[in-house]
Structures are given as C-alpha cells and as structure tokens.
Amino acid sequence: MFVATLDGIFKYSDLPEEYEPYVQFKATIDKRELKPTDEMAILNIAGTSTHHVLFLDAYSSIAEIEAELKEADAKINHTTLKIIGGHL
C-alpha cells in the first residue's frame with residue numbers, strides 16, 4: 001500500500017501548473033466543470049510519480065476520502081488527514 005501525503009491545498013485559480021493534468025483528469029472522471037473557486041487537495045503518492053486530486057466540496061467526511069484512497073491502494077498519512085479534516 002502506498003502512502004499519500006499532502007502537497008498542498010489550492011483554489012483552482014491558484015493551482016500550480018504542474019498539477020493541472022492531474023486536476024483535469026480527475027475532473028473528467030468526476031464529470032465536473034471546474035470553477036476558479038473550487039478548492040482541492042493535491043496528494044503525492046509515495047513511491048510513484050503520480051498525484052491524487054481531492055475536490056474538497058465532494059466529501060462530507062474523512063472516511064469518504066480514506067475509502068477512495070483505499071481503492072487506489074493508498075493510505076493517507078496522519079498529518080495530511082488532520083489538515084484536510086480542517087478544510088471539510
């Protein structure tokens with residue numbers, strides 16, 4: 001199982017360019033139209049060259065995020081969990 005750590009929480013309008021492909025991919029999967037005010041967490045998946053995007057308004061609990069990451073064979077680290085929990 002891979003460990004997911006927080007790279008950052010951004011509004012779409014402030015998103016660093018390097019994360020744009022990951023955000024676009026996740027938005028396509030979720031059938032989501034991106035707005036400049038959308039807030040998202042970008043997670044780095046340790047041991048890989050990929051990132052996981054969480055659109056924070058799509059979750060009502062940390063358990064939902066943990067379940068999504070489990071499907072991707074990843075586990076969120078404790079510090080990241082606390083930070084994201086403060087944004088839900």
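This is a predicted model: local features need pLDDT of at least 70, side-chain atom pairs count only at pLDDT 80 or more; totals for chains, interfaces and linings use all residues.
Let's start at Glu68, a residue of helix H2, which spans residues 62-71. Is Glu68 buried or exposed? Its relative accessibility is 19%, and because buried means under 20%, Glu68 counts as buried. Leaving aside residues up to four places away in sequence, Glu68 touches Lys26, His52, Val53, Leu54 and Tyr59.

Now step back to the helix as a whole. Along with Glu68, the buried residues of H2 are Ile62, Ile65 and Leu69. If you look down the axis of H2, these buried residues fall within an arc of 125 degrees, so they line one face of the helix. The partners against which the buried residues of H2 pack include helix H1 (20-29), strand E3 (51-55) and helix H3 (78-85). After H2 comes Asp73, with a positive phi near 60 degrees.

E3 is mostly covered, with five of its five residues buried. Which way do they point? His51, Val53 and Phe55 point one way from the strand, while His52 and Leu54 point the other way.

Finally, follow E3 to its partner. E2 and E3 pair in the antiparallel sense over five bridges, and Met40 stands opposite Phe55 in E3. The two strands E2 and E3 form a hairpin with five residues between them. In that turn you will find Gly47, whose phi is positive at about 85 degrees.

Notes
Residues are numbered from 1 along each chain as its sequence is written. Side-chain values use heavy atoms; hydrogens and water are left out. Helices (H or I, at least four residues) and strands (E, at least two) are DSSP runs, numbered from the N terminus. Buried means under 20% relative accessible area, exposed over 50%, partly exposed in between (1.4 Å probe, protein chains only). Contact means heavy atoms within 4.5 Å. The arc is that of the directions from the helix axis to the C-beta atoms. Two strands pair if DSSP finds at least two bridges between them.
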